[in-house]
Amino acid sequence: MPKSNASASAASVSALTTSDVLRSYLASTVTYNNNATLADTALSVPVEAGAKYAIEAFLPNASVAKGVKFDFGGTATITNFIGNWQSIGGDDPLAFYTSLYVTSAGTDFPAGYDTFTTHTVFTGSVEINAAGTFLVRGAQQSANLSDTTLLRGSTLILTKMS
């Protein structure tokens, strides 16, 4: 076997415990009707002060008219929020794709328009200054009498990184 000039150093890896992975699951569908104001959802987890978390959210949604939008909120005080929203939908998945890089939890992301059924995902990270809750908020993209929904099975997962 030939010699290599490359050297590698060992990395320190620690195992995750159950308390390091925070999960929230939406057990029933949430309907938004004639409301464009973002509101808290049941997708909520308690977070610790001084911790850093990786964020993963999977938000399947059905849009009858005007679509749905999302952002993050809660009672925790946060810094260094960063991530990317992505939404895919429609009868032809290639027909509708939206992506948005964000550096603020309160930057709302419009997902789905008209008769599209979409799924929206978010990946990112956040640092917590003061403990509290961290949650997903949702609403219609614009007020409309037709229902839009956040579907049962939506998930929010935060993995503690420090």
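Ser 87 is buried, with a relative accessible area of 0%. Buried means under 20% relative accessible area, exposed means over 50%, and partly exposed lies in between, with a 1.4 Å probe and protein chains only. This is a predicted model, in which local features need pLDDT of at least 70 and side-chain atom pairs count only at pLDDT 80 or more, while totals for chains, interfaces and linings use all residues. Residues are numbered from 1 along each chain as its sequence is written, and side-chain values use heavy atoms, with hydrogens and water left out.

Ser 87 sits in strand 6. Strands (E, at least two residues) and helices (H or I, at least four) are DSSP runs, numbered from the N terminus. The side chain of Ser 87 has a partner: a polar contact of 3.3 Å joins it to the side chain of Thr 120. A polar contact is a pair of N or O atoms within 3.5 Å; within protein, one atom must be able to donate a hydrogen and the other to accept it, and residues adjacent in sequence count only if both atoms are side-chain atoms.

Stay in strand 6 for Asn 80. Asn 80 is exposed, with a relative accessible area of 52%. Its phi is positive, about 50 degrees, although Asn 80 is not a glycine. Asn 34 also has a positive phi, near 55 degrees, and is likewise a residue other than glycine. Asn 34 belongs to the loop between strand 2 (30-32) and strand 3. With a relative accessible area of 42%, Asn 34 is partly exposed.

Now to the core. The largest nonpolar core has 29 residues. Such a core is a set of buried Ala, Val, Leu, Ile, Met, Phe, Trp, Tyr and Cys residues joined through side-chain atoms within 4.5 Å. Among the residues with the most contacts inside this core are Val 47, Phe 72, Phe 81 and Leu 158. Strand 4 gives the largest share, four residues.

What does Phe 72 touch? Contact means heavy atoms within 4.5 Å. Leaving out residues up to four places away in sequence, the partners of Phe 72 include Ile 55, Phe 81, Trp 85, Phe 122, Phe 134 and Leu 156. Phe 72 is buried, with a relative accessible area of 4%. Phe 81 counts as buried too, at 6% relative accessibility.

Next, the rings. Rings of Phe, Tyr and Trp (its six-membered ring) pair if their centres lie within 6.5 Å; planes under 30 degrees apart count as stacked, over 60 as edge-to-face and the rest as tilted. By this rule there are eight aromatic pairs. The rings of Phe 72 and Phe 81 have their centres 5.8 Å apart and their planes at 55 degrees, so this pair is tilted. Phe 81 and Phe 122 have ring centres 5.6 Å apart and planes at 20 degrees, so this pair is stacked. Ring pairs join Phe 70, Phe 72, Phe 81, Trp 85, Phe 109, Phe 122 and Phe 134 into a cluster.

Strand 5 is mostly covered, with five of its six residues buried. Which strands does strand 5 pair with? Two strands pair if DSSP finds at least two bridges between them. Strand 5 pairs with strand 8 in the antiparallel sense over three bridges. Here Val 68 stands opposite Ala 111. Strand 5 and strand 10 are also antiparallel, over six bridges. In that pairing, Gly 73 stands opposite Leu 135.

These strands belong to an open sheet of four strands, in the order 3-10-5-8, with antiparallel pairing. Strand 3 and strand 8 stand at the edges, each with a single partner strand, so one side of each lacks a neighbour in the sheet. Neighbouring strands of this sheet are turned by 25 degrees against each other on average, direction ignored. Axes are lines fitted to C-alpha atoms, for helices over the stretch in contact, and angles run from 0 to 180 degrees between N-to-C directions.

The last stop is Met 161, in the segment after strand 12 (155-160). Is Met 161 buried or exposed? Met 161 is exposed, with a relative accessible area of 52%. Not counting residues up to four places away in sequence, Met 161 touches Lys 52, Tyr 53, Ala 54 and Ser 125. Val 126 is 35 residues from Met 161 in sequence and 9.8 Å away in space, C-alpha to C-alpha.
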